[in-house]
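Please look over the structure below.

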Amino acid sequence: AGTPIATVLKEVPYGQKLQITFPDGSSAKINAGSRLWYAAGFASGERTVHLEGEAYFDVVKDSLRPFRVVTESVVTE
């Protein structure tokens, strides 16, 4: 079997907001009551994050590795 991939999880309690910077230099402002997670190998592999709730992204352009945000109903690239 393959090696399990570590996941980075950020959960923001109600009444708070969180700003994070990803390994590629992109950043996100995550709103209260939201969850965001991504594979720990983000810097070297594909740039995909999963989001429950609300966040604003400031994405560093990389034409070879599109940045994807996966939600319950939509994938935004």
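## Charge

The protein chain carries 8 positive and 9 negative side chains. The centres of these two sets lie 5 Å apart. The model is a predicted one.

## Overall build

The protein chain has eight strands and zero helices. Its radius of gyration is 13 Å, close to the 11 Å that the globule rule gives for 77 residues, so the chain is as compact as a globular protein of that length. The C-alpha trace spans about 40 × 30 × 25 Å along its principal axes.

Of the 77 residues, 25% count as buried. The accessible surface of the chain comes to about 5200 Å², and 51% of that surface belongs to carbon and sulfur atoms. Among contacts between residues at least 6 apart in sequence, 29% join residues at least 24 apart.

## Arginine 47

Arginine 47 is found in strand E5, which covers residues 47-52. Its relative accessible area is 2%, under the 20% cut-off, so arginine 47 counts as buried.

The side chain of arginine 47 makes a polar contact of 2.5 Å with the side chain of aspartate 24. The arginine 47 side chain also reaches the backbone oxygen of valine 60, at 2.9 Å. Leaving aside neighbours within four places in sequence, the residues in contact with arginine 47 include Ser26, Phe42, Pro66 and Phe67.

## Glutamate 52

Glutamate 52 also lies in strand E5. With a relative accessible area of 41%, glutamate 52 is partly exposed. Not counting residues up to four places away in sequence, glutamate 52 touches Ser34, Arg35 and Trp37.

Glutamate 52 and valine 74 are 22 residues apart along the chain, and their C-alpha atoms are separated by 11 Å.

Conventions: Residues are numbered from 1 along each chain as its sequence is written. This is a predicted model: local features need pLDDT of at least 70, side-chain atom pairs count only at pLDDT 80 or more; totals for chains, interfaces and linings use all residues. Side-chain values use heavy atoms; hydrogens and water are left out. Helices (H or I, at least four residues) and strands (E, at least two) are DSSP runs, numbered from the N terminus. Buried means under 20% relative accessible area, exposed over 50%, partly exposed in between (1.4 Å probe, protein chains only). A polar contact is a pair of N or O atoms within 3.5 Å; within protein, one must be able to donate a hydrogen and the other to accept it, and residues adjacent in sequence count only if both atoms are side-chain atoms. Contact means heavy atoms within 4.5 Å. The radius of gyration is taken over C-alpha atoms; the globule rule is 2.2 Å times the number of residues to the power 0.38. Accessible areas come from the Shrake-Rupley method with a 1.4 Å probe; for residues, only the protein chains shown count as cover. Lys and Arg count as positive and Asp and Glu as negative; His and the chain ends are not counted. The place of a charge is taken as NZ of Lys, CZ of Arg, CG of Asp or CD of Glu.
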